[in-house]
Amino acid sequence: MAIMIFNRMVVWLLQSRLHWLLSRSFVVMHVVGVKSGRIYNVPVNYIRLSPSNPLRLLITSLRARTWWRNLRQQVEVEITLEGRRQPVFAQAYESEADVVAGFVAYFASSPRSARYFKVELSSDGKASEADLQVLAEKHVVIRIEPQRSI
């Protein structure tokens with residue numbers, strides 16, 4: 001219950017004029033349930049995959065959560081990023097290889113985030129294979145891509 005209240009507050013903040021307080025590391029995913037049709041507004045941490053394309057993002061989620069299962073196929077969703085709601089494509093990746101590759105990219109882009117995942121990076125900025133394996137067992141990665149203009 002406390003987490004639900006916290007999430008609602010974060011979603012509200014990210015959609016308000018005060019979004020800048022959290023927008024550097026949080027985005028709201030607006031995901032439609034495949035079976036229920038219900039809209040899930042999920043605040044999640046992200047990293048940018050490309051400085052030249054601010055809508056190419058990488059997100060992680062615990063496998064135990066259920067919202068990301070609506071993204072097993074590439075689907076059109078909306079995100080609220082830096083106070084603006086916009087359409088994007090999202091897809092969750094579950095395979096060990098995809099999750100490991102996602103975390104390698106995540107830590108390359110944001111080495112400080114390794115501490116959050118309880119991973120220690122080597123002097124060259126890489127996580128151990130054992131740590132990556134544990135992350136792959138407990139997490140999925142979600143890639144966000146911009147929609148192409150016609």
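**Exercise 1.** Work out which kind of contact joins the side chains of glutamate 94 and arginine 72, and where in the chain the two residues lie.

*Solution.* First, the side chains of glutamate 94 and arginine 72 meet in a salt bridge, at 2.8 Å from N to O; the term requires a side-chain nitrogen of Lys or Arg within 4 Å of a carboxyl oxygen of Asp or Glu. Next, glutamate 94 lies in the loop between β6 and α2 (96–109), while arginine 72 lies in the loop between β4 (57–62) and β5, so the pair ties together parts that are 22 residues apart in sequence. Helices (H or I, at least four residues) and strands (E, at least two) are DSSP runs, numbered from the N terminus.

This is a predicted model, in which local features need pLDDT of at least 70 and side-chain atom pairs count only at pLDDT 80 or more, whereas totals for chains, interfaces and linings use all residues. Residues are numbered from 1 along each chain as its sequence is written, and side-chain values use heavy atoms, with hydrogens and water left out.

**Exercise 2.** Decide whether glutamate 94 and arginine 72 are buried, partly exposed or exposed.

*Solution.* Buried means under 20% relative accessible area, exposed means over 50%, and partly exposed is in between (1.4 Å probe, protein chains only). Glutamate 94, at 29%, is therefore partly exposed, and arginine 72, at 40%, is partly exposed too.

**Exercise 3.** Describe the salt bridge between glutamate 78 and arginine 85.

*Solution.* Their side chains meet at 2.5 Å, N to O. Glutamate 78 is partly exposed at 31% relative accessibility, and arginine 85 is partly exposed at 45%.
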